[in-house]
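Q: Please take a close look at the surroundings of the ligand in this predicted model. Which residues and elements make up the shell, and how do those elements sit in the rest of the fold?

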Amino acid sequence: MENLVEVKNVFKTFDTKGGILGKKQNPVKALKGVSLGIKRGEIVGLVGESGSGKSTLGNCILRLLDTDCGEIFYDGKNIQNFSKNDTKIFRKKTGLIFQNPYSSLNPKMKIKEILSEPLIVNGIKNKKQKIVMLNSIIELTGLSPDDLDRYPHEFSGGQRQRIAIARALILKPEFIVADEPISALDVSIQAQIINLLLDLKHKFNLTYLFISHDLNVVKYLCTRVAIMYRGEIVEIGETMDIFNSPKHEYTKLLLNSIPGVA
Ligand SMILES: Nc1ncnc2c1ncn2[C@@H]1O[C@H](COP(=O)(O)OP(=O)(O)OP(=O)(O)O)[C@@H](O)[C@H]1O
Ligand SMILES: [Mg+2]
């Protein structure tokens, strides 16, 4: 089967300014020749230490960041060559779920306004259609239509993440980058959000790139795992192969450092 997402030898460097004089510092090489294929329906885990380039890769795939060189294909098309219309369709078909449900929802907006934003951007103006879509996604994510008239501060962290997931899924996308979607949440509700993501994957036939520090969750959730280390994918394979017979020294180190992984 052809890959839904195909990353080919991508490089990304950040020029940084630092210090009180804003002097130019050495550029940060965040991605150093990354290649990765994601098949339709897969959940690919992306694991690695802080600063290894995971979010940068996710953002490049979603075209939220430009790459320096290399190519990224979505459904066979090079995303750098997208027309305006291609980009519009791409925005509809893809979504991002962030780590922190406290900062990702505008506190001044009601839930219905937050969830309506993607509809407005995509020109869905019909009031009845909007209400149907809002009610349907809010129920699918385990909240109630009554919640649409409330504000983010009235919800718990787990509920806010459900709202963020509803916003990412309201246009029925096919590919989602979930960037540490549970790491800011209480341990007791992490499993609920993971199971919600799995449930929605089956309902919407989704494909996920799942970025995480939590190897236990990755083992439970992902079909394949990619291990990132200092801007490179040093190992990639079926989840069980990675856990049972890691090849790269860094993967071994990572697995040994996690309590409770057999
Ligand atoms: N906008 C930016 N400007 C400058 N440097 C950046 C920027 N974004 C990321 N970086 C740098 O690029 C490198 C990779 O960052 P990235 O956020 O992709 O790491 P990560 O693997 O997602 O880390 P974490 O697990 O902490 O989220 C880091 O050294 C980071 O400081
Ligand atoms: Mg990150």
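A: The model is predicted. Around ligand 1 lie Phe14, Thr16, Val28, Ala30, Gly48, Ser50, Gly51, Ser52, Gly53, Lys54, Ser55 and Thr56. Two elements, β4 (28–39) and α1 (54–61), each supply two or more residues to this shell. The largest share comes from α1, which gives three residues. Sorted by class, the shell holds eight polar, three nonpolar and one charged residues.

The strand β4 belongs to an open sheet of four strands, ordered β4-β1-β6-β7 and paired antiparallel. Both β4 and β7 (77–78) are edge strands with a single partner each, so one side of each has no neighbour in the sheet. At the β7 end, β6 (residues 69–74) and β7 run antiparallel and are joined by two bridges. Tyr74 has Lys77 in β7 as its bridge partner. The helix α1 packs on this sheet, where it touches β1 (3–14), β4 and β6. The direction of α1 makes about 120° with that of β1.

Another packing concerns α3 (residues 111–121) and α5 (residues 157–169), whose axes are 8 Å apart at an angle of about 30°. These two helices are therefore roughly parallel to each other. The crossing of α3 past α5 is right-handed. On the α3 side, Ile111, Ile114, Leu115 and Pro118 meet Ile163, Ala166 and Arg167 of α5. By class, this contact has six nonpolar, one charged and no polar residues.

Methods
Residues are numbered from 1 along each chain as its sequence is written. Chains are lettered from A and ligands numbered from 1 in the order in which they are written. This is a predicted model: local features need pLDDT of at least 70, side-chain atom pairs count only at pLDDT 80 or more; totals for chains, interfaces and linings use all residues. A residue is near a molecule or strand if its C-beta atom, placed from the backbone, lies within 6 Å of it. Ala, Val, Leu, Ile, Met, Phe, Trp, Tyr, Cys and Pro count as nonpolar, Asp, Glu, Lys and Arg as charged, and the others, Gly among them, as polar. Axes are lines fitted to C-alpha atoms, for helices over the stretch in contact, and angles run from 0 to 180 degrees between N-to-C directions. Angles under 35 degrees count as roughly parallel, over 145 as roughly antiparallel, 65 to 115 as roughly perpendicular and the rest as oblique. A crossing is left-handed if the near helix is turned anticlockwise from the far one by less than a right angle, and right-handed if clockwise. Two residues are in contact if their C-beta atoms, placed from the backbone, lie within 7 Å. Two strands pair if DSSP finds at least two bridges between them.
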